[in-house]
Amino acid sequence: MTVSKPRFDILDGLRGVAALMVVIFHLSEVFSYDPVYKHLNHGFLAVDFFFVLSGFVIGYAYDERMKEGSMTFWTFLKSRLIRLQPMVLFGLLLGAAFFYFQSCGYYPRIASTGIPTLLLYIVLGFLMIPQSPEHNIRGNEELFSLNIPQWSLIYEYVANLLYGLFVCRLGKRGLAVLVFLFAVTLTDCALSLNLFGLLEAHDYPWSLNGGFTWNVEHAYIGLSRVGYSFFAGLLLYRFGCRFAVRRAFWWCSLILVAIICTENVGGYAHPLFDGIFNLCCTLLVFPLVVSMGAGGRLTGRFTPALCRFMGRISYALYLVHYPYVYLFFTWMDTQRDAPFGLQIFVAAMVVLLSLATAYAAMVCYDEPLRRWLRAKFLNRSSDALQKQ
């Protein structure tokens, strides 16, 4: 019988805070089309925070078992698929259910997309096969037509595969070298140094806001982001970097919200400044926040309950909110003259609807399905290993 390790409740809560800020960030984008001067300008950095968290938690959950051989690569892979894929499917089906209600100027190809094609793209999405811009049936440049946030899971899977194949067996020194190498490529991307000729010229500050479309530059940025952040999180776990801070959850939450809400630093005139800001957040601040969250202690009754709830709902919230955001963009496309107060009210309703859907999906679908899948596919693997 496998005994579950205690959880880092503060880290779970911070994941939920970051997921909620991503929802608000995506809704805020409809109010400003300017790539620099928009609200919650650094919401995209929440993905980098997710990656640091993921690396730390993966190390905590799997390092010992992978090193001692009680868990094989294939068992690890099945474990990650069971954890991630059910909600991927749910998000795709939700996106498909609303797809034809989202036809508007934002999404010009929806009206010409037939149901067989839509069904095909559900399958492609579930198999994590991305689409190039010319094959996006919505008419934008995202990797997945039905649920944009799914793009980050490709990089999460890449990091998981690398971990399972060889990084789990690297010592601290080898892992530190790997983190340093990714720090170099991350710096290259954030500061637009173009050391390896993989970046393109842009007429506005580009920095780390990439990885979500199909080209060499985006793949390079996406791999650099996950490569540094995920393995830095793993390195933090292995070195035992945990700082005891009073009220850690609230201080860490404040830091995350402040970063996400920070306006572009430098604007069009000084794009390097924003690159430096992004680099400092990813290289230093997010690892520090994770270390503070891992070392903090929860007291009282409200904060622990809040952290556990936010942690449980975070992944589902991340994957269910964008189908509603699509609907909000569609509504705004035809309601530009609506009172600003009404627009804010509708946006708030989208947040609440996303939270309600995430909770319902978690309780009625995700958690029961994952329990069944673990019992069916993982217990057999554990029994087989015990017999060897």
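This is a predicted model: local features need pLDDT of at least 70, side-chain atom pairs count only at pLDDT 80 or more; totals for chains, interfaces and linings use all residues.

Q: Take Phe-8 and Tyr-60: what kind of aromatic pair do they form?

A: Their pair is edge-to-face, with 4.7 Å centre to centre and 65° between the planes.

Q: Where do Phe-8 and Tyr-60 lie?

A: Phe-8 is in the segment before α1 (9–28) and Tyr-60 is in helix α2 (residues 46–68), so the pair ties together parts that are 52 residues apart in sequence.

Q: And is Phe-8 buried or exposed?

A: Phe-8 counts as buried because its relative accessibility is 14%, and buried means under 20%. Tyr-60, at 15%, counts as buried too.

Q: What about Phe-50 and Tyr-318, how far apart are the centres?

A: They are 5.5 Å centre to centre, with 75° between the planes, which is an edge-to-face pair. Phe-50 belongs to helix α2 and Tyr-318 to helix α10 (residues 302–334), 268 residues apart, and the pair links these distant parts of the chain. Phe-50 counts as buried at 15% relative accessibility, and Tyr-318 at 7%.

Q: Which residues form one aromatic cluster?

A: Tyr-106, Tyr-107, Tyr-322, Tyr-326 and Phe-329.

Q: New topic. How many helices and strands are there?

A: The chain has 11 helices and 0 strands.

Q: Okay, and what is the radius of gyration?

A: The chain has 21 Å, which agrees with the value near 21 Å for a compact globule with 388 residues. Buried residues make up 53% of the 388 residues.

Notes
Residues are numbered from 1 along each chain as its sequence is written. Side-chain values use heavy atoms; hydrogens and water are left out. Helices (H or I, at least four residues) and strands (E, at least two) are DSSP runs, numbered from the N terminus. The radius of gyration is taken over C-alpha atoms; the globule rule is 2.2 Å times the number of residues to the power 0.38. Buried means under 20% relative accessible area, exposed over 50%, partly exposed in between (1.4 Å probe, protein chains only). Rings of Phe, Tyr and Trp (its six-membered ring) pair if their centres lie within 6.5 Å; planes under 30 degrees apart count as stacked, over 60 as edge-to-face and the rest as tilted.
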